[in-house]
Amino acid sequence: MAQEVLLEVKDLHVHFPTADGLVKAVDGLNFKVLRGETFGIVGESGSGKSVTNLTALGLIKRETAQISGEILFKGQDLLKLNSEELRKVRGKELAMIFQDPFACLHPFYRVGDQLVEAILCHEKMPKKQAAERATDLLASVGIPHPKERFRDYPHQYSGGMRQRAMIAMALVHNPDLLIADEPTTALDVTVQAQIIELIEKVKTEFNIGVILITHDLGVIADVAQRVLVMYAGRGAEMGTIDEVFKSPLHPYTWGLLESIPRVDSKGTRLVPIEGSPPSLINKPAGCAFHPRCPHRFEKCDKEIPAMQDRGGGHPEACYLSIEDKKRIWAEREARRTKAAS
Ligand SMILES: Nc1ncnc2c1ncn2[C@@H]1O[C@H](COP(=O)(O)OP(=O)(O)O)[C@@H](O)[C@H]1O
Ligand SMILES: [Mg+2]
């Protein structure tokens with residue numbers, strides 16, 4: 001049976017007029033997220049990951065941005081909803097967690113009371129019942145002694161516990177889609193792993209879709225089923241984890257993969273991608289990556305390459321022929337493993 005499409009982003013553009021010019025943060029982006037999957041979004045800082053998802057949540061103010069395209073959530077275009085309608089969707093069917101738990105938790109109120117408040121905000125029920133539900137939620141996100149911890153203030157929780165409480169908050173209304181934007185960046189490594197594991201558990205238990213945004217490719221490889229690589233507000237490459245991590249087709253993805261340690265590559269030299277991300281006001285003509293691309297040729301600075309399957313089995317946005325892509329990636333891999341031995 002085909003999996004339900006929860007979210008479909010079609011030709012999304014989010015441009016911010018500023019004193020320096022138009023910042024093209026998202027510039028023609030397309031992807032789908034299915035129920036039951038973790039969909040990873042990776043890309044250097046500034047590639048438009050957060051803006052994309054904040055736009056879906058209606059958190060980019062119309063007065064500050066020119067937004068076009070479609071963001072279909074369960075078939076309904078979120079970009080056509082007014083703020084009242086959006087508020088009903090957000091926090092209910094569509095929930096988000098952030099790097100900073102205080103984006104969702106108020107420091108002055110007890111964690112339990114905030115959950116109760118959130119429950120009662122969308123649903124009518126006796127307060128006592130809401131409190132029981134809140135306690136159950138704390139238990140299900142792995143807060144020990146939930147009855148006692150219910151009465152704590154957020155600052156009495158550890159960083160990891162606060163992250164768990166924020167996830168509980170996101171789950172209050174059984175969302176269909178959970179967007180997690182760099183949820184573990186501020187945590188230390190062991191706690192990071194626990195939070196990622198929790199997000200996975202929640203995904204399976206509640207049968208929801210998850211968008212996991214992170215610059216940590218290792219995390220994506222561990223938990224996501226599909227991944228979108230973003231560069232300068234557009235998709236560079238998209239496919240299953242195996243497709244993108246084992247047979248990457250875009251030179252930007254090659255660069256990303258060579259810049260991080262890999263399980264199979266103890267001792268290999270890490271090579272950062274040369275140059276820096278482009279200005280989003282004056283983007284390079286053609287493929288925005290071409291000034292940093294060691295494999296560019298004359299076509300690359302002429303027209304923006306569309307994101308499409310050029311025979312490699314998954315969509316990518318690079319003009320090199322499939323034969324060239326396969327050959328170059330194999331050569332780069334050979335060089336990398338040779339350097340290790
Ligand atoms: N309100 C805004 N006004 C102008 N530029 C913005 C605004 N919000 C985000 N941007 C710019 O949009 C680009 C993409 O940002 P973001 O989506 O946060 O990147 P990422 O999450 O991938 O690191 C950045 O260059 C950022 O400076
Ligand atoms: Mg971000």
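**Entry 1, helix packing.** I began with helix H3 (residues 111-122) and H6, whose axes come within 9 Å and cross at roughly 15°. The structure I am reading is a predicted model, and I keep that in mind for everything noted here. Angles under 35 degrees count as roughly parallel, and H3 and H6 are therefore roughly parallel to each other. I also looked up the hand of this crossing, and found that H3 passes H6 in a right-handed crossing.

I then turned to helix H6 (residues 159-171) and helix H7 (residues 189-206), which pack at an angle of about 20° with their axes 10 Å apart. H6 and H7 are therefore roughly parallel to each other as well, and I noted that the crossing of H6 and H7 is right-handed.

Which residues come nearest to ligand 1? I found 13 residues around the ligand, and of these Gly46, Gly48, Lys49, Ser50 and Val51 come nearest. Sorting the shell around ligand 1 by class, I recorded five nonpolar, six polar and two charged residues.

I next looked up individual atom pairs, starting with Gly48, where a backbone N or O atom lies 3.0 Å from an oxygen atom of ligand 1.

Which elements give two or more residues to the shell around the ligand? They are strand S1 (5-18), strand S2 (21-34) and helix H1 (49-56), and the largest share of the shell, three residues, comes from H1.

Methods. Residues numbered from 1 in each chain as written. Chains lettered and ligands numbered in written order. Predicted model: local features only at pLDDT ≥ 70, side-chain atom pairs only at ≥ 80, totals over all residues. Heavy atoms only, no water. Near = heavy atom within 4 Å. Polar contact = N/O pair within 3.5 Å; in protein donor to acceptor, adjacent residues only side chain to side chain. Helix = DSSP H or I, 4+ residues; strand = E, 2+ residues; numbered from the N terminus. Nonpolar A, V, L, I, M, F, W, Y, C, P; charged D, E, K, R; others polar. Axes fitted to C-alpha atoms, helices over the stretch in contact; angles between N-to-C directions. Parallel < 35°, antiparallel > 145°, perpendicular 65-115°, else oblique. Left-handed = near helix turned anticlockwise from the far one by under 90°.
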